[in-house]
Amino acid sequence: MKPLTKKRYDALIQKNPGASIMFYGSTEDDMFKGLADPATVIGSDAFPHTVSATGEMARDWDIDYDAVQGHPRLAGTRGKVFRHVRDDKLVPLMTAISKMSFMVAEWLRDNGVPQMAYKGRIQLGADADLAIFDLKTVTDNSTMQHGGRPRPAYPTSS
């Protein structure tokens with residue numbers, strides 16, 4: 001969460017060449033236009049989270065969400081899309097779901113991965129992963145400070 005200067009870049013190359021570096025450029029309006037385009041599929045270009053305490057790549061599935069850092073897109077992309085579908089009526093819900101499942105599988109199938117012909121769809125003979133969510137509450141909760149947070153921080157009882 002610090003600006004990348006030439007001095008900091010040189011130090012990272014020496015001490016931690018795999019460190020995560022984030023660049024910014026798109027506006028929210030750019031994002032809305034891209035998501036609303038009928039040909040756009042939704043995915044994330046986020047790289048793996050790193051463990052805050054060690055700087056190493058987070059590899060364990062059971063690591064605490066708040067123990068990692070990285071871009072919020074990794075944990076929050078789909079929740080953000082659903083939030084904009086619900087709050088801003090960006091695209092119809094079924095269009096958003098298709099952009100995150102069927103259209104991605106179709107693009108991969110059409111571009112050299114024939115196994116994707118059986119993904120991203122619910123039909124006889126397909127192998128589908130199903131996610132159950134409540135559109136009234138699903139959202140993106142990850143932030144630049146808490147990049148791994150897929151849900152709100154809940155207070156712990158003592």
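Select Y9 to begin: in this predicted model, the residue is partly exposed, with a relative accessible area of 37%. Y9 sits in helix 1, which covers residues 6-15.

**The whole chain**

Next, display the entire protein as a cartoon. Five helices and two strands are present, and from the N terminus on they follow the order α-α-β-β-α-α-α. The C-alpha trace spans about 55 × 45 × 35 Å along its principal axes. Of the 158 residues, 22% count as buried.

**The largest pocket**

Select S26, M31, H71, R73 and K80. Of the 27 residues that line the largest pocket, these lie nearest its centre. The elements that contribute two or more residues to this lining are helix 2 (28-36) and helix 3 (73-88). Helix 3 provides the largest share, namely six residues. The pocket holds about 760 Å³ of space. What is the make-up of the lining by class? Nine of its residues are nonpolar, twelve are polar and six are charged.

**Salt bridges**

The structure contains eight salt bridges; the following steps visit several of them.

Move to helix 2 and select K33 and D29. These two residues form a salt bridge, with the closest N and O atoms 3.2 Å apart. They are four residues apart in the helix, so about one helical turn separates them. K33 counts as exposed, at 56% relative accessibility, whereas D29 counts as partly exposed, at 43%.

Continue to R86 and D87, whose side chains meet in a salt bridge of 2.9 Å, N to O. Which of the two is buried and which is partly exposed? R86 has 19% relative accessibility and therefore counts as buried, the cut-off being under 20%. D87 is partly exposed, with a relative accessible area of 46%.

**A loop residue**

Select K89, in the loop between helix 3 and helix 4 (93-100). K89 is not a glycine, yet its phi is positive, at about 55 degrees. The residue is exposed, with a relative accessible area of 63%.

**Further along the chain**

Finally, select K119 and D127. Their salt bridge has its closest N and O atoms 2.3 Å apart. K119 is partly exposed, with a relative accessible area of 30%, and D127 also counts as partly exposed, at 40% relative accessibility.

Definitions and conventions: Residues are numbered from 1 along each chain as its sequence is written. This is a predicted model: local features need pLDDT of at least 70, side-chain atom pairs count only at pLDDT 80 or more; totals for chains, interfaces and linings use all residues. Side-chain values use heavy atoms; hydrogens and water are left out. On a 1 Å grid over the protein atoms alone, a cavity is a set of points where a 1.4 Å probe fits but cannot get out, and a pocket is an open set with protein on both sides within 12 Å along at least five of seven lines; lining residues have an atom within 4 Å of a point. Grid points are joined across faces, edges and corners, and a volume is the space filled by probe spheres set on the points. Ala, Val, Leu, Ile, Met, Phe, Trp, Tyr, Cys and Pro count as nonpolar, Asp, Glu, Lys and Arg as charged, and the others, Gly among them, as polar. Buried means under 20% relative accessible area, exposed over 50%, partly exposed in between (1.4 Å probe, protein chains only). A salt bridge is a side-chain nitrogen of Lys or Arg within 4 Å of a carboxyl oxygen of Asp or Glu.
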